[in-house]
Amino acid sequence: MYYTKTHEWLKPIGGNLARIGISKQGIEELGTIEFMELPAIGTSIKHEAPFAQIESTKVSSDLYAPVSGEVTEVNAELSSEIHLLNSDPEGAGWLAVIRLDSLESLATLMTEESYKQYIAGET
Amino acid sequence: MDTLSASNKTGKLRKPPWLKIDRRVTATHERVKNVVKNERLATVCEEANCPNLHECWGQHGTATFMILGEVCTRRCRFCSVKTGLPRTIDFKEPNRVGSSVAELGLKHVVITMVDRDDLPDGGAKMVVETVHAIRRHAPECAVELLTSDFMARPADIFSIVDTKPDIMSHNIETVKRLTPQIRSRASYERSLRVLEMSYEHDSSVTTKSSLMVGLGETVEEVVEALQDLRKVDVSICNIGQYLQPTATHLPVQKYYHPDEFALLKGKAYELGFTHCESGALVRSSYHAGEDYESFRKKIHPLYRNKG
Ligand code: SF4
């Protein structure tokens, strides 16, 4: 599992495919999620650029793409079960599968260990 | 953008465009975070899940410190600060706050606190200690205090005012009618009384109060609240949109439009406030440093001449 500073996670699932989502810490900061707009299958997303919009009880904000690539799958279950984002953000609440433009881009992400340190302010 | 929309289909109000925040993290943000974590300080920015955190920490390099722990003895229905039985007092906290203010190079700091109804002095002594510590470590820094009501005990309030904070702030939070439903163990009159006591004790200390809108009040009621604040000589007021912290907190009744915030600001100036910030994301401590600068320019001709 890899993480970004803006609290997205990425998990390689074989080949150049990876599943992405919002981390537990991210959900904690965002609060209860009420709405979400995901990109359509086939959309190109760009490293650190907004790729989805999310609304919590408080505010709305963008999610930032952890890597560049193409959306090959989205979690359709979220359209009726948005609570999964709060109850299981790093599991059943995943957002999309991305075909990475380059595997090397994983090097720009934080490992689980460094993410933990980042959250604790030890960077 | 072609999108797949997901929603919980509960008929919740969608967010207006002016309530969108930028969550990107800057190096300045990380610097603030590291100081906060290393010094084991609590911030209301984090505890209240403030929507401005990325801007305040990331763009302005500032945070609002919350002293006396992160557990509050009251349970207001708009607030997401943890509530319960607080921990014992950390007597070294004032010093860590002071040194952190210096380390961050702040020119203006807002210090707030949880309610400590469990302590005989409500935590007043620790507030005083914290101001002293900031003055020691960062004598140039303006200090803005945002305190609880101390049940309007004169001794506690006077001891704090006697430290001569640059701003003494206490929030009425909402209009008179909604106070009992929204705030816990607080009263509208008592809050006004606290502000009045501060001013009567030392009128050279500027007083400030903030309130949230969107909880079901009418504009007339907001204006009435502003009038009440003016009656006790409050000179700065901030007005912001109430935002629901979690699903279990009070739902938002209305999102005010930026034009409506502008209207309220105009009203505030009409009523004689020297300074008013009014806007969706305005919080008591939002842009507090910049506002204080502009406030000082308005009241001190000499300061203005110095430019
Ligand atoms: S508005 Fe106040 S509480 Fe919110 S992030 Fe800024 S300093 Fe912190």
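Reader: In which helix of chain B do Glu196(B) and Arg193(B) both lie?
Author: In this predicted model, Glu196(B) and Arg193(B) are three residues apart, about one turn of the helix. Their side chains form a salt bridge, with the closest N and O atoms 3.1 Å apart. The element that holds both residues is helix 8 of chain B.

Reader: Is Arg193(B) buried, partly exposed or exposed?
Author: Buried requires under 20% relative accessible area and exposed requires over 50%. Arg193(B) has 36% relative accessibility, which lies between these limits, so the residue is classed as partly exposed.

Reader: How many residues apart are Lys176(B) and Glu189(B)?
Author: Lys176(B) forms a salt bridge with Glu189(B), and the closest N and O atoms are 3.6 Å apart. The pair links distant parts of the chain: Lys176(B) belongs to the loop between strand 9 (167-169) and helix 7 of chain B, whereas Glu189(B) belongs to helix 8 of chain B.

Reader: Where does Arg185(B) lie?
Author: The side chains of Arg185(B) and Asp117(B) meet in a salt bridge at 3.8 Å, N to O. This pair links distant parts of the chain, 68 residues apart, with Asp117(B) in the loop between strand 7 (108-113) and helix 5 (124-137) of chain B. Arg185(B) lies in the loop between helix 7 (179-182) and helix 8 (188-201) of chain B.

Reader: Which residues are linked with Asp117(B) in a network of salt bridges?
Author: Asp117(B) counts as partly exposed, at 26% relative accessibility. Its salt bridge with Arg185(B) involves two members of the network. The residues linked with Asp117(B) are Arg74(B), Asp115(B), Asp149(B), Arg185(B) and Arg190(B).

Reader: Why is strand 6 of chain A described as largely enclosed?
Author: Strand 6 of chain A comprises residues 50-56. The strand is largely enclosed by the rest of the structure because the number of its seven residues that are buried is five.

Reader: Which residue does Met36(A) stand opposite in strand 6 of chain A?
Author: Strand 4 (residues 33-39) of chain A pairs with strand 6 of chain A in the antiparallel sense, over four bridges. In strand 6 of chain A, the residue opposite Met36(A) is Ile54(A).

Reader: Which residue in strand 7 of chain A is the bridge partner of Pro50(A)?
Author: Strand 6 and strand 7 (residues 60-64) of chain A run antiparallel and are joined by five bridges. These two strands form a hairpin with three residues between them. The bridge partner of Pro50(A) in strand 7 of chain A is Tyr64(A).

Definitions and conventions: Residues are numbered from 1 along each chain as its sequence is written. Chains are lettered from A and ligands numbered from 1 in the order in which they are written. This is a predicted model: local features need pLDDT of at least 70, side-chain atom pairs count only at pLDDT 80 or more; totals for chains, interfaces and linings use all residues. Side-chain values use heavy atoms; hydrogens and water are left out. A salt bridge is a side-chain nitrogen of Lys or Arg within 4 Å of a carboxyl oxygen of Asp or Glu. Buried means under 20% relative accessible area, exposed over 50%, partly exposed in between (1.4 Å probe, protein chains only). Two strands pair if DSSP finds at least two bridges between them.
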